[in-house]
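Hi,

Here is the structure I promised to pass on.

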Amino acid sequence: MTTHRPLSPFRAPARTGAVLAAVALAAVLLSGCTLLEGPAPDAPVRPAPTAPAEPVALVPGGSAEDNLPYFQQTLLAFVGGAAPIEGQPVVDALVAAGFDRAAMQVSFDRTRTDLVADNIFVSVRVGESCLLGQLVTGDRGLVAEVAPALGPEKSICIIGQTRPIDW
């Protein structure tokens, strides 16, 4: 004759908990698979800026909108050249084109883990507006636009810590 031990009231919840945990883990793992199915979403496509049909010049005393074509032309010439996409050469190119060094901000060339930055951001404040440029180090791509200056005094174009322009 076989004797059965009665189940301890403390063992049943442990088994139930283990079964529930296994079911929950399986549900998470299986739902994760559905996230990976199907095509990946496409990255937004931004049209690449093109050089103006005719060369443009700096408009001294002009607005950021007035000087955006010249800012783009200057940065397009820079990314089309051989200089490394780093803060100092970018700033130097803009200064050589007539933009005010004191009104500029530039991001760091390297990450906190000492890798080459994927992008360099540069800005020139014009009144309460900013000319903003993003230069991509990998493909030498460029995006340039006008945006409002930030901060209580409308004196910031790039948020966060930027590289000192002290050369």
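In helix α2, Phe71, Thr74, Leu75 and Phe78 meet Pro89, Val90, Ala93 and Leu94 of helix α3 (contact means heavy atoms within 4.5 Å; helices are DSSP runs of H or I with at least four residues, strands are runs of E with at least two, and both are numbered from the N terminus). By class, this contact has seven nonpolar residues, one polar and no charged ones (Ala, Val, Leu, Ile, Met, Phe, Trp, Tyr, Cys and Pro count as nonpolar, Asp, Glu, Lys and Arg as charged, and the others, Gly among them, as polar).

Before going further: this is a predicted model, where local features need pLDDT of at least 70 and side-chain atom pairs count only at pLDDT 80 or more, while totals for chains, interfaces and linings use all residues. Residues are numbered from 1 along each chain as its sequence is written, and side-chain values use heavy atoms, with hydrogens and water left out.

Back to the helices: the axes of α2 (residues 64-79) and α3 (residues 87-96) come within 10 Å and cross at roughly 135 degrees (axes are lines fitted to C-alpha atoms, for helices over the stretch in contact, with angles from 0 to 180 degrees between N-to-C directions). That makes α2 oblique to α3 (under 35 degrees is roughly parallel, over 145 roughly antiparallel, 65 to 115 roughly perpendicular, and the rest oblique).

Val116 is found in the loop between β1 (104-106) and β2 (119-126). Leaving aside neighbours within four places in sequence, Val116 touches Asp109, Arg110, Thr111 and Thr137. Thr137 is 21 residues from Val116 along the chain, and their C-alpha atoms are separated by 8.3 Å.

Asp114 lies in the loop between β1 and β2, and its phi is near 65 degrees, a positive value in a residue other than glycine. Most residues other than glycine have a negative phi. Lys154, in the segment after β4 (142-148), also isn't a glycine and has a positive phi of about 55 degrees.

Then there is Gly141, in the loop between β3 (129-136) and β4. Beyond its neighbours within four places in sequence, Gly141 is in contact with Val79, Gln134, Leu135 and Val136.

Cheers
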